Amino acid sequence: MIELVVNGKTRSVDVNPDMPLLWVLRDVLGLTGAKYGCGMTLCGACTVHLDGEAVRACVLPTSAAVGKKIVTIEGLSPNGTHPVQKAWVAEQVPQCGYCQPGMVMAVAALLKKKPKPSDADIDAEVTNICRCGTYARIRKAIHAAAGKA
């Protein structure tokens, strides 16, 4: 058994320690907010927080998350009132929405480190891919949430 702290709760899972964290979150614990995208850490649809840092869960072995705090989109703000989530709604960012949980998690981690990021900071830190191309709205939402997260 492996013990994980997910969204503030200790969870015991009987999985291979090499299983990617994304599968544990989605298939074992039923937290389906983080999505499978490319499976190669490129798109960021699977982004979650590990001790406050944005990580791509699709290739991260579950063993690497032991003893750390894992936060998924479900745990970021259960009622959707995190400043990034509110900015996402206000700026009407999502189109298909598939990448949005990972994108929101990446932005929340960025704003925790840099409350007022420049466009260069955003380009360097938020490398998630949105196939719908909502990057202009994403950037606008990040600036709207800046200083509030």
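Helices (H or I, at least four residues) and strands (E, at least two) are DSSP runs, numbered from the N terminus. I note that this is a predicted model, in which local features need pLDDT of at least 70, side-chain atom pairs count only at pLDDT 80 or more, and totals for chains, interfaces and linings use all residues. Residues are numbered from 1 along each chain as its sequence is written, and side-chain values use heavy atoms, with hydrogens and water left out.

**Entry 1: V5**

I located V5 in strand 1, which covers residues 2-6. V5 counts as partly exposed because its relative accessibility is 28%; buried means under 20% relative accessible area, exposed over 50%, and partly exposed in between (1.4 Å probe, protein chains only). I then looked up its contacts (heavy atoms within 4.5 Å). Beyond its neighbours within four places in sequence, V5 is in contact with T10, K68, K69 and I70. K69 lies 64 residues from V5 along the chain, yet their C-alpha atoms are separated by 5.3 Å.

**Entry 2: T72**

I found T72 in the loop between strand 5 (69-71) and helix 2 (73-76). At 1% relative accessibility, T72 counts as buried. Not counting residues up to four places away in sequence, T72 touches V6, N7, L25, L31, V48 and M105. I also recorded a polar contact of 2.7 Å between the side chains of T72 and E74. Such a contact is a pair of N or O atoms within 3.5 Å; within protein, one must be able to donate a hydrogen and the other to accept it, and residues adjacent in sequence count only if both atoms are side-chain atoms.

**Entry 3: helix 6**

Which residues of helix 6 (residues 135-145) are buried? I listed I138, A141, I142 and A145. Seen down the axis of helix 6, these buried residues fall within an arc of 105 degrees, so they line one face of the helix; the arc is that of the directions from the helix axis to the C-beta atoms. An α-helix has 3.6 residues a turn, so residues three or four places apart point the same way. The exposed residues A136 and K140 sit on the face of helix 6 turned away from its buried side. I noted that the cover over the buried residues of helix 6 includes helix 3 (83-90), helix 4 (100-113) and helix 5 (119-125). Just after helix 6, G147 takes a positive phi of about 85 degrees.

**Entry 4: helix 3 and helix 4**

I looked up which residues join these helices: V84, Q85 and W88 in helix 3 meet Q100, M103, V104, V107, A108 and L111 in helix 4.
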